[in-house]
Amino acid sequence: MLNFVLFGPPGAGKGTQSEKLIEKYQLIHISTGDLFRSHIKNQTALGQKVSALIAEGQLVPDGITIDMLEEEVNKTPDAKGFIFDGFPRTIPQAVALDEFLAKKGTSIAAVIALDVDQEELKKRVAQRQKESGRVDDQADKIQKRIEEYFTKIVHVLPYYDEQKKLTKINGIGSIEGIFNEISAVVDQY
């Protein structure tokens with residue numbers, strides 16, 4: 001099983017690059033953001049809890065996120081591998097993911113971090129908000145999410161760097177050029 005974490009702030013291009021990785025490598029994409037939005041849309045009990053947090057630009061607590069992620073992985077036991085997008089966001093989440101995957105006899109092969117500066121992120125997310133209307137892309141919410149990434153979430157990267165699993169890629173450029181760089185990393189595994 002080939003498992004990757006695609007890391008980056010909101011608007012870095014994780015969703016776009018994930019689509020291309022799915023097509024090329026037949027991996028299953030698990031985006032915690034998509035999972036949250038699905039639960040919210042379907043008004044599940046979890047969705048109602050998550051809705052209030054996301055609407056305020058806050059992170060969902062680790063326990064809820066981990067349970068939801070494990071449930072999603074367990075739905076596809078024959079998968080060739082997974083792309084984890086938006087997870088882990090904390091070191092406890094990273095440890096929990098490692099422990100969960102170890103129980104399944106697998107692990108994270110690599111973490112690919114898309115580097116994009118804050119000004120570029122603001123432009124991209126403003127455009128995405130016009131197109132999608134996502135509530136978590138509204139200006140005040142997105143600024144909070146970007147700040148959360150650069151002040152808190154980014155601190156997960158040293159955890160993977162110590163394991164020699166981290167590769168940073170410039171997330172500014174053509175979609176195809178960035179994808180070629182990501183593919184070069186994936187092809188090593």
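This is a predicted model: local features need pLDDT of at least 70, side-chain atom pairs count only at pLDDT 80 or more; totals for chains, interfaces and linings use all residues.
Let's start with strand β3, which covers residues 81-85. Is this strand buried or exposed? Five of its five residues are buried, so β3 is largely enclosed by the rest of the structure. To picture how that works, remember that side chains in a regular strand alternate between the two faces of the sheet. Now look at each face of β3 in turn. On one side you'll find G81, I83 and D85, and on the other F82 and F84; all of them are buried, which leaves both faces covered.

Next, who are the partners of β3? Strand β1 (residues 2-7) runs parallel to β3, and five bridges join the two. If you want a spot to look for, find L2, which stands opposite G81 in β3. Strand β2 (residues 28-31) also pairs with β3 in the parallel sense, this time over four bridges.

Now hop over to T106, in the loop between α5 (91-103) and β4 (110-115).

What does T106 touch? Setting aside neighbours within four places in sequence, T106 is in contact with M1, N3 and L101. Zoom in on two of these. The side chain of T106 makes a polar contact with the side chain of N3 at 2.9 Å, and the T106 side chain also reaches the backbone oxygen of M1 at 3.5 Å.

Note on methods: Residues are numbered from 1 along each chain as its sequence is written. Side-chain values use heavy atoms; hydrogens and water are left out. A polar contact is a pair of N or O atoms within 3.5 Å; within protein, one must be able to donate a hydrogen and the other to accept it, and residues adjacent in sequence count only if both atoms are side-chain atoms. Contact means heavy atoms within 4.5 Å. Buried means under 20% relative accessible area, exposed over 50%, partly exposed in between (1.4 Å probe, protein chains only). Two strands pair if DSSP finds at least two bridges between them.
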